[in-house]
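Let's take a walk through this model together, one stop at a time. Have the sequence and the 3D view open as you read.

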Amino acid sequence: MLKLFKNQNPYAIIILLILTLVLKFNVLSHAVLPQMEPHQVLWGIFLRKFMDIFGGGSFFYTFLATLNVIGQALYLNYITNKYHFFSKRTYLPAYTYILASSLLPEWSLFSAELLNNWLFLGLINLVYSTYADQHARKTLFNIGCLYTLLFLLSFPDVFFIFFF
């Protein structure tokens, strides 16, 4: 199965989608509404607005979380291919991300941590783009803004600063 993800096979994305649905089947069959912690102020505002617009169907939010995981896996794969982390193009980072996200229950449900993964992937992309950027000030400002949003969505994510 790993052979399918080692090259740029166009069917690998379809296989990733099927793999994600199979791995998240248990979560999709027992859908849960998103929850808010008291320290997540911005997440609470976002969640209330989101529930006003889309209603309170728990399957919708769980399916949206599954689509987020697929999107994040493909974005991580894009970053690794863009900055040549591996010698040739591969879908293994996306495959690994989907497998790792199946182990963590916070990444299987629609939560602030799942949205913070988008911000963290954006931070990784911006940090790696600074080496060739002629206007690094703009990029560093954007990194600061994304880090602040990461911090506002969930306070414990302030410790991500040690990774940069």
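A helix here is a DSSP run of H or I at least four residues long, a strand is a run of E of at least two, and both are numbered from the N terminus. The expected span of a helix is 1.5 Å times one less than its number of residues. Keep in mind that this is a predicted model, in which local features need pLDDT of at least 70 and side-chain atom pairs count only at pLDDT 80 or more, while totals for chains, interfaces and linings use all residues. Residues are numbered from 1 along each chain as its sequence is written, and side-chain values use heavy atoms, with hydrogens and water left out.

How far can you trust what you see? pLDDT is the predictor's confidence in each residue, from 0 to 100. The protein chain has a mean of 88, with 97% of its residues at 70 or more. Where pLDDT is low, the predicted coordinates should not be read in detail.

Now turn to helix α8, which covers residues 136–153. Its 18 residues reach 26 Å from the first C-alpha to the last, close to the 26 Å expected at 1.5 Å a residue. Buried means under 20% relative accessible area, exposed means over 50%, and partly exposed lies in between (1.4 Å probe, protein chains only). By that rule, T139, I143, L146, Y147, L150 and L153 of α8 are buried. Seen down the axis of α8, these buried residues fall within an arc of 125°, so they line one face of the helix; the arc is that of the directions from the helix axis to the C-beta atoms. The face turned away from the buried side carries the exposed residues R137, K138 and F141.

What do the buried residues of α8 pack against? Their partners are α4 (41–54) and α7 (112–129), where contact means heavy atoms within 4.5 Å. Zoom in on T139, which is buried with a relative accessible area of 6%. Leaving aside neighbours within four places in sequence, T139 is in contact with L126, S129, T130 and D133.

Y131 sits in the loop between α7 and α8 and counts as exposed at 66% relative accessibility. H84 lies in the loop between α5 and α6 (92–103) and is exposed too, with a relative accessible area of 62%. Most residues other than glycine have a negative phi. H84 has a positive phi of about 55° although it is not a glycine.
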